[in-house]
Amino acid sequence: MSASRRLQALRRGGVGFVAGVPCSYLTRFFAACEALPPTAFLPAVREDHAVAACAGAWLGGVQPLAAMQNSGLGYCLEVLTSLHLMYRLPLPMLVSDRGAADDFEEHRILGQRTRALLDLFEVPWRESVIGGEEEEAEWLLAASRGRGGPAVLLVGPGRDS
Amino acid sequence: MTRAEVIAKVLGLLGEEDLVVAADGAIAREAYRALDRPRTFYMLGSMGQVASIALGLAMTRLERVVALDGDGNLLMGFGGLALVGGLKPKNLYHLVLDNGAYATTGGQPALSRQVDLAAVAAAAGYAWARRCHASEGESTALEQWLAATGPAFLDVAIGADDPYPAPRIPLTPEEMARRFRRSLQ
C-alpha cells in the first residue's frame with residue numbers, strides 16, 4: 001500500500017467513509033483507500049452513486065468524503081443539488097483538476113469549466129498545493145460544514161501526495 | 001395489493017430501530033401518510049439513488065436498512081444494484097414497488113415490464129432475490145423477504161392506478177435530514 005498523506009490528514013480530521021471512482025491523478029489516494037476497513041471504503045461504479053452513498057453515511061452519523069475525476073461532476077449534479085444542497089448535507093470532495101490545455105481533449109470541455117460550474121452552484125472550492133494536506137483537509141471539512149453542502153478540493157497533476 | 005397496502009404492511013413489520021429510505025415521488029409521500037417515523041428518510045429528488053443512499057447507511061450502521069424503491073427509479077440507477085450485490089451488506093433490504101410505469105409523472109410505461117429486476121439483482125449478487133406477482137401472497141413474500149439474510153431484494157407487483165394519491169410531505173428537507181440524524185444519536 002502506498003501511503004497517502006492526504007488520506008491520513010482527512011482521517012485525522014474525522015473522515016470515516018470514503019466513496020469514489022478512481023482518477024489517474026488520484027492513484028495514490030485510491031490505493032491507500034483500499035487498505036481501509038471494508039465498511040469505510042465504497043469503490044463506486046459511477047460518481048452519482050458515490051455521493052448518494054456519502055449522503056447515507058452522513059445521515060448515519062459518519063463523516064463521508066467523495067473522490068473522483070472532474071468529469072464525474074456532471075453525473076453528480078442532480079444528486080448534489082437535490083440531496084446535498086437541498087437537505088444541507090456536508091460533503092467534502094476531492095476532485096481531480098483535469099483539462100489543462102496540454103491534457104487529452106476528452107478532458108478539456110468539462111475540465112476547463114469545472115471552476116465555473118462550481119461557482120454557478122456556489123460550491124466552495126480550492127486548489128491543492130504541494131505539502132498542503134493538513135491545512136487543506138481542515139479547510140475542506142470546515143467548508144462543507146459551513147452551510148452544509150459540497151465543498152471541493154481540486155487536485156492537479158503531481159498533487160496526489 | 002396497492003402501493004399503500006404494501007407500504008403499510010412493510011412499515012408495520014419493522015421495529016422502531018430499523019432505518020428506511022423512501023424513494024422520491026409517490027413512495028415517499030405514501031410512506032409519510034402511512035406511518036411517519038423519525039428513522040425514515042424521505043427522498044424528494046435524486047431519482048435512481050435509493051439503493052446507494054441505503055448502502056451508505058448500511059455500511060455505517062448496524063441496524064437493518066430498508067430501501068423502498070420504485071421500478072422506474074431502480075432502472076434509472078441500475079448501477080446501485082451492482083454496488084449492493086457486489087458489497088453484500090447483510091443488513092440491507094431492498095423492496096421494489098413495481099407498477100410497470102412512471103406513476104408520478106403520468107403513468108408512462110417502464111421497461112420493468114420487459115426486464116426481470118429480481119433476476120438482475122440475483123445475478124448482481126444479492127443473497128436473496130424474488131419476484132412476487134399480483135395476488136401471489138404478497139404478505140407472505142414480504143415476511144420472507146424481511147426474514148432472509150441480506151442483502152435481500154423483493155420485486156412486488158402493485159396496481160398502476162392511484163385513486164387516492166398522498167399529498168406532499170409537510171416537512172422541509174433540512175428538517176427531514178436533521179430529524180433522521182438526531183434519531184440515531
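From the N terminus on, the elements of chain A in this predicted model follow the order α-β-α-β-α-β-α-β-α-α-β-α-β. In total, chain A has 7 helices and 6 strands.

The overall dimensions of chain A come next. The C-alpha trace of chain A spans about 40 × 35 × 30 Å along its principal axes. A compact globule of 161 residues would have a radius of gyration near 15 Å, and the 14 Å of chain A agrees with this. Of the 161 residues in chain A, 52% are buried. Among the contacts in chain A with a separation of 6 or more, 77% are accounted for by residues 24 or more positions apart.

Chain A also touches chain B: 26 residues of chain A are in contact with 27 residues of chain B. On the side of chain A that touches chain B, the elements giving two or more residues are helix H3 (47-59) and helix H4 (72-87) of chain A. H3(A) gives the most to this side, with 9 residues. By residue type, the side of chain A that touches chain B divides into 16 nonpolar, 6 polar and 4 charged residues.

In chain B, one helix can be followed in detail. Helix H2 (residues 26-34) of chain B is largely enclosed by the rest of the structure, because 7 of its 9 residues are buried. The buried residues in H2(B) are Ala26(B), Ile27(B), Ala28(B), Glu30(B), Ala31(B), Tyr32(B) and Ala34(B). What do the buried residues of H2(B) pack against? They pack against helix H1 (3-13) of chain B and against strand E1 (19-22), strand E2 (40-42), strand E3 (65-70) and strand E4 (92-98) of chain B.

Technical notes: Residues are numbered from 1 along each chain as its sequence is written. Chains are lettered from A and ligands numbered from 1 in the order in which they are written. This is a predicted model: local features need pLDDT of at least 70, side-chain atom pairs count only at pLDDT 80 or more; totals for chains, interfaces and linings use all residues. Two residues are in contact if their C-beta atoms, placed from the backbone, lie within 7 Å. Helices (H or I, at least four residues) and strands (E, at least two) are DSSP runs, numbered from the N terminus. Ala, Val, Leu, Ile, Met, Phe, Trp, Tyr, Cys and Pro count as nonpolar, Asp, Glu, Lys and Arg as charged, and the others, Gly among them, as polar. A residue is buried if 20 or more other C-beta atoms lie within 10 Å of its own, exposed if 12 or fewer, and partly exposed in between; C-beta atoms are placed from the backbone. The radius of gyration is taken over C-alpha atoms; the globule rule is 2.2 Å times the number of residues to the power 0.38.
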